[in-house]
Amino acid sequence: MPFDFGKEVDHVARLARLSLEEDEKERMAGQLSDILKTARRIQELDTTGIEPTSHVTERPAVLREDRVRPSLPLDKALRNAPRREKGFVKVPRITVSEQDQK
Amino acid sequence: MRLYEMTAAELSRRLQSREVSSAEVVRSFLERIDEVDPYLRAFITRTPDLALKSAGEIDSRRMRGETLHPLAGVPIAVKDNISTLALRTTCASRILENYIPPFDATVVAALKKAGMPILGKTNLDEFAMGSSTENSAFFPTRNPWDPGRVPGGSSGGSVVAVATGMAPLALGSDTGGSIRQPASLCGVTGLRPTYGRVSRYGLVAFASSLDQIGTVSTTAFDGALLMNLIAGYDPLDSTSLPEEVPDYRAGLEPGLDKLRVGLIRYGRVDGFDPEVTEAVNKAASMLEEHGAKVGEVSLPLTDYGLSAYYLIAPSEASSNLGRYDGVRYGFCADGDSIEAMFSRTRGEGFGAEVKRRIMIGTYALSAGYYDAYYLKAMKVRTLIRRDYEKAFKKFDLLLGAASPTPAFKLGEKTEDPLQMYLSDVCNITDSLAGMPSLAVPGGFHSSGLPLGLQLTARPMQEKLLLKTGRFFEEQRAEYPLRPSLDFLEERGGDYEI
Amino acid sequence: MKYEVIIGLEIHLELLTASKLFCGCSTAFGREPNTNCCPVCLGLPGSLPVFNRRAIELAVTAALALNSEIRLWSRFDRKNYFYPDLPKAYQVSQYDQPLARGGYLEVDVAVGKRRINLERVHLEEEAGKLVHAGHSIIGSGYSLVDYNRAGIPLLEIVTAPEMHSGREARLFLEDLRTVLLYAGVSDCKMEEGSLRCDANISLRPEGSSILGTKAEVKNMNSFRSVELALDYEVQRQEKVLSGGGSVVQETCHWDEENKQTITLRGKEGSSDYRYFPEPDLLPLVLENTFVEDLGRSLPELPSERRERLREQYGLEKEEAFLLTANRELGDFFEKAAKAYPVYDNLFNWVQGDLLYQLRENDKKVEEIDPNLLAGLLQLLDEGSINRPVAKELLAEMVQSGADPKEMVRERGLERISGRDRLLPLVEQVIAENPEAVENYRQGKNKALAFLVGKVMAATKGRADPAELNRLLKEKI
């Protein structure tokens, strides 16, 4: 079955917040179509009644005690932040569509 | 024999008997790095000053008569996706080119506590996504057996460092073969421990349910020494296993009586080099000659495992790599709105393979496709685990190849991601099932390139793997394997090709 | 056409833990920006989450208080979206395997009690906080991020779409707050954001069984604004529908300043959260005994307490309501009632003077020892002090915590009674006021009141008025 990823590229790239050049998109459409074609081979397997494995570790979560531990000093916490202002991290304008997904 | 040619065990012995100082050992490795690395390029960041400083500290502590860890003073190289306090950790990505972690990974803290000088941070495929170390945003690493070929990946830097005596030991990480495949392509020993045996805290996540830190060494015994240090429960990693850590060095002496070995007959897998199959068969006969019972075992889902892996790993990666958005750390592009900044930062900061995987993963998790891709792949993962459970009812150990071919040429697969993915086909099902798995040298290809065997055991049976690895070492006249590096002399000082 | 209003609420509340859900950073409110942060809550590469036991306990306690069914096996998932206050670009939350399902709250509405059902209760992590340069989020040139709040444990409660007006939604929310305060799981401060509420609201023609298109209303920062915003939204949708239009599925923000909702319309399909099981956290498996122990230690909840207070102390419905408005006031009353079992009088003093003095002195009821009030009322009943003195002592008791009994003893404030003590005072006032004495003798009753007043002034009101009257009449 032919599979064309081309028409999905823009939508998926936006979901993933990846700006792609036109030639990049084209190349990616071809490569991802091939990869997904191979990946889709798992459809051949019958998995009726099979539980998915999301963790290979078969034990319950561990719980830690509610104790406060020292936080990072401010200069260490923000050391790697590209843009800072008065102890905050600075980011550009937030658009309406970004706000909507919250 | 020069110091840099020695195993970690031998260095440990000489340091403990004070025949050598750690400073001398570290200097020997640093000189070797200066000599070899400009050509092979295993290191992204070298830390000679730090290494000498901690060597000096260990030497004075030893002088004072303090009781030290057996590996105290033995230097090590660390893959650059493992966080090091105040030391740049790049994941070989532009997006983290200048990122300086404010904390040590749990394994790095253990190295420091034991007094192991860190020689530097080694090259990898960007965010450990790749099988050749060509996806590094900075430069590719070359195979020491043939510099026109890849060392494998993603832990190519760690493997080359150990193969060429630039470091006696290295830490790597293995998600779908990233330790085992390069180890086999460069003729060293690489262990992927049971999922959860070594803390992942501080390992920059690629695919969290598959990632595992492991060892790269020239011998199985050296791997055991390092495992003694890094294995164990970590309260900072919820997926780490609480089971007691054995002494991995103890009981590695040969003795294969009654060992039941399953020789893997892979399902539909193309592209196997016949010499690889031959080497695996020869290894099986060796085991048999020494008392093991060898039978055939089929893992019919190997091929489907690859498909499932290339859905599960990218899905998790698409989520794990969301945090590189230019806000708190890393590369940040301009943008007049937050969305523009996010998209440009990620579009410009990530390399092609990382972007491909983010795209696949985002797609596989997105509305309308989740059931057919991600969920289906997780069910296939259950089937694969059942295959292993079945196999381990009959056998104690599974034997196969660590790579379907010897090292391939630089650039040979970069334009064809699917072919690149296929080079992990032998390693992936172990990862999906969470089994411990060891790559150990298995002779040479007619081209002169090393070949690797892969041994897989039940969860927590790393010791059995190391013991069997050691058996194979003892069958060889010469061990460890060392590439000649003739090309260094041929080219004189001219490292650029 | 008449429309039926359908409202469902989504409530978020921060749980009262000392440290965050997945790391040891403090949850303290009001610290300097980005000083309660570590590699885990900043989402630094390589960091991993570990559950806080207390957060799980509080979440289970809250769910039990809301009559939800605890699921012993639940799972955490990643909700993926990009936003600068979300450090990992995913929120660890619960999707298809939540901690608790179902539940309800009995809400007293205008027409008696109504049961509002819940759909689910689950645990997740809080995001950081954005500060906007300029007026509001939209139109700001840039924003500033503070991650102190990121990673605080957050409980999400989703109700069934069963409320029919802004008023009902508000009453539900107020009752929910009281229950959760009783359960001690959160401080539920809407103004500080530790309790937040979003609403889904739709209209349908009365009698129709098909749900209309809903709008989601956000940014309602007080109980009052929940009511105002939803009423506004009802009117807006009514106008659209009766004008022959149709409601668009959208998200709106309540604009507190202009008292209206503003539409935030994003690009279509922008929210595809790509939920999948969080690989870094193993499933949460609770022991039956863990849940049972928390159930046993669950305090009595307001509705149960109301019933009991009415029965045990013979209080009226409204009186019981007043005492259960917060847990501490009820506790105070019940403790005082043990030492002073004249319940109706106690209630009157609590409702009147005590609450007044607490307000005046900006004190909390838990700062006052209930036994002191009981002692004070006993003094009054015994006749050791009179009412004006009692009121003064209560004021002082609230201000300084002083024991009324001791104040009376130290300052000689007991009532002056008995012939021996009062007679000299009476004789003195008769001697000093011959004119008034004469007036009384001539039948002017007012003159007696004047003389009583003189004695009272001299004794600062401590003389026993009945006995004083009797003695004055006798002597004149």
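**Largest cavity.** I began with the lining of the largest cavity in this predicted model, and I found 22 residues around it, with C:S47, C:L48, C:P49, C:K88 and C:Y90 lying nearest its centre. For the term itself I kept to a 1 Å grid over the protein atoms alone, where a cavity is a set of points that a 1.4 Å probe fits but cannot leave, and where lining residues have an atom within 4 Å of a point. I noted a volume of about 190 Å³ for the largest cavity, a volume being the space filled by probe spheres set on the points, with grid points joined across faces, edges and corners. Sorted by class, its lining has 13 nonpolar, four polar and five charged residues; Asp, Glu, Lys and Arg count as charged, Ala, Val, Leu, Ile, Met, Phe, Trp, Tyr, Cys and Pro as nonpolar, and the others, Gly among them, as polar.

**Conventions.** I number residues from 1 along each chain as its sequence is written, and chains are lettered from A and ligands numbered from 1 in the order in which they are written. Local features need pLDDT of at least 70 and side-chain atom pairs pLDDT 80 or more, while totals for chains, interfaces and linings use all residues, and side-chain values use heavy atoms, with hydrogens and water left out.

**Second largest cavity.** I recorded about 60 Å³ for the second largest cavity, whose lining includes B:G130, B:N135, B:E353, B:R356 and B:Y421. In chain B, α11 (352–365) and α13 (417–422) are the elements that give two or more residues to this lining, helices being DSSP runs of H or I with at least four residues and strands runs of E with at least two, numbered from the N terminus.

**Interface of chains A and B.** I then turned to the two chains and found 56 residues of chain A in contact (heavy atoms within 4.5 Å) with 68 residues of chain B. Together they bury about 5600 Å², 63% of it on carbon and sulfur atoms, where buried area is the accessible area (1.4 Å probe) lost on putting two parts together, summed over both. On the side of chain A, the residues that lose the most area to chain B are A:I42, A:V56 and A:N80, together 12% of what that side buries.

**Salt bridges.** I looked for a side-chain nitrogen of Lys or Arg within 4 Å of a carboxyl oxygen of Asp or Glu, and the rule finds six salt bridges across this interface. I also noted that B:E339 and A:R14 meet through their side chains in a salt bridge, at 2.1 Å from N to O.

Methods: 1 Å grid on protein atoms, 1.4 Å probe; cavity = no way out; pocket = protein on both sides within 12 Å on 5 of 7 lines; lining within 4 Å.
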